[in-house]
Amino acid sequence: MPAVTQTIALTLTLSCLVIFKLPSASAFLKPSSAPNSFSPARAGSSQQLTSCLKRTITPFAMSTSTYNGENLLESMSRACSDTLGREVNLETSRGGGASGGGGASISAATDSNTGEKYFIKSASASGGGSNMLYAEYIGVKKMSETNTIKVPEPIAFGEHHGAPRDINFVVFEYLEFSGGGNGRELGQDLAKMHRVVSDNGKFGFDVDNTIGATPQPNLPWIDNWADFWIEHRLGHMLKLTGDAGLDKETINKLMSKTRELLSHNPEPSLIHGDLWGGNKGYAKVDGSIVPVIFDPATYYGDREADIAMTYVFGGFGPDFYEGYESEWPLPDGHEKRKTVYNLYHILNHDVLFGGMYLRQAQGMIDSILRM
């Protein structure tokens with residue numbers, strides 16, 4: 001039988017994140033052998049990494065409760081008690097890991113009163129990691145509130161004020177992942193989540209967040225989808241990649257063609273935003289195996305952007321796409337737009353890892369200009 005994947009670990013080194021999937025509770029910070037897993041070994045040039053390390057999300061006001069526990073576990077216990085309306089006493093448990101450096105740490109804790117287990121991420125309150133944690137908390141919370149697809153339930157976000165230092169933390173439900181599940185159900189549940197649209201009818205999100213390790217702007221909210229994509233997605237990545245090594249005339253043509261292709265007037269759906277195969281799974285919940293999505297880069301945008309990314313590295317079978325289409329068929333033109341949306345992710349991979357990704361992005365740009 002496949003090893004049970006017990007936790008998803010997010011390693012933060014300064015302001016750069018690397019995602020790992022842990023195959024067992026004891027294999028702390030051991031990257032998956034899957035070829036598409038993010039790992040330091042796949043990183044690009046030192047110049048790109050240095051550039052990445054210097055970038056942070058734009059600071060924003062966080063709605064944070066401060067706890068003055070004798071230690072981090074006590075502060076998190078109080079935060080969970082406030083949220084759940086009962087006394088919670090957290091004790092260190094196996095099933096998480098810890099990052100190096102001054103970034104985020106990943107751990108697990110068990111409530112000694114009930115035996116219930118929780119998954120925890122924490123980061124220094126003085127660094128960019130706290131903003132990243134808050135953005136993830138808000139994103140997962142928005143998805144959870146749709147009651148459409150399973151996500152790790154966000155329990156509490158807060159700040160521990162005290163020894164050894166001030167630390168922000170987020171506490172999630174702990175899920176036990178299995179080796180497989182119903183792909184058709186995953187597609188149907190995702191389509192149901194996509195039917196949830198922004199309250200203001202605009203594209204964006206409540207906060208900026210990250211796409212992998214890279215800052216992802218979502219503000220200000222924008223009325224028009226093509227404007228949003230050009231300003232907050234394509235234009236943003238072109239700045240980070242030095243216009244992908246292309247001349248100004250080609251970039252202007254790309255912007256014009258992108259606007260033309262994104263004139264289909266989509267609804268501002270709630271989307272995961274980073275839906276590659278490593279950010280979905282199947283977990284045992286109340287005796288059943290259910291689809292789960294996690295580690296999002298949530299925002300309100302064209303639902304096709306989520307579906308497009310599932311093709312970047314694969315990992316989604318025909319049953320997933322059949323399930324999605326049975327719930328909410330994609331409109332005409334989505335095949336062309338898939339290349340537009342995935343260009344964003346390939347450019348991001350150039351930012352993170354370098355190597356072949358820039359050439360791949362340039363080939364995609366050529367294809368878009370020929371559409």
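The model is predicted, so local features need pLDDT of at least 70, side-chain atom pairs count only at pLDDT 80 or more, and totals for chains, interfaces and linings use all residues. Residues are numbered from 1 along each chain as its sequence is written, and side-chain values use heavy atoms, with hydrogens and water left out.

**The chain as a whole**

The protein chain has 10 helices and 15 strands. Both are DSSP runs numbered from the N terminus: helices are H or I with at least four residues, strands are E with at least two. Of its 371 residues, 55% count as buried, meaning under 20% relative accessible area with a 1.4 Å probe and protein chains only (exposed is over 50%, partly exposed in between). Among contacts with a separation of 6 or more, 65% come from residues 24 or more positions apart; a contact means heavy atoms within 4.5 Å.

**Strand β8 and its partners**

Let's start with β8, residues 167–173. Six of its seven residues are buried, so β8 is largely enclosed by the rest of the structure. Strands count as paired if DSSP finds at least two bridges between them. On that basis β8 pairs with β6 (residues 117–124) in the antiparallel sense over seven bridges, with isoleucine 120 opposite valine 171 of β8. Strand β7 (residues 154–160) also runs antiparallel to β8, joined by six bridges, and here histidine 160 stands opposite isoleucine 167 of β8. The hairpin of β7 and β8 has six residues between the strands, and glycine 162 takes a positive phi near 155° there. As a reminder, side chains in a regular strand alternate between the two faces of the sheet.

Two bridges join β9 to β13 (residues 280–285), and serine 178 has tyrosine 282 of β13 as its bridge partner.

**Helix α6 and its two neighbours**

Helix α6 (residues 248–261) meets both α9 (residues 334–353) and α10 (residues 357–369). Axes are lines fitted to C-alpha atoms, for helices over the stretch in contact, with angles from 0 to 180 degrees between N-to-C directions.

| Helix pair | Axes come within | Crossing angle |
|---|---|---|
| α6 and α9 | 10 Å | roughly 130° |
| α6 and α10 | 9 Å | roughly 60° |

The angle to α9 makes α6 oblique to α9, and the angle to α10 makes α6 oblique to α10. For the cut-offs, angles under 35 degrees are roughly parallel, over 145 roughly antiparallel, 65 to 115 roughly perpendicular, and the rest oblique.

The crossing of α6 and α9 is left-handed. Leu254, Thr258 and Leu261 of α6 make the contact with Lys336, Arg337, Val340 and Leu343 of α9. Those residues divide into four nonpolar, one polar and two charged.

The crossing of α6 with α10 is left-handed, a term for the near helix being turned anticlockwise from the far one by less than a right angle (right-handed if clockwise). Here Thr250, Lys253, Leu254, Lys257 and Leu261 of α6 meet Ile365, Ile368 and Leu369 of α10. This contact divides into five nonpolar, one polar and two charged residues. In these tallies Ala, Val, Leu, Ile, Met, Phe, Trp, Tyr, Cys and Pro are nonpolar, Asp, Glu, Lys and Arg charged, and the others, Gly among them, polar.
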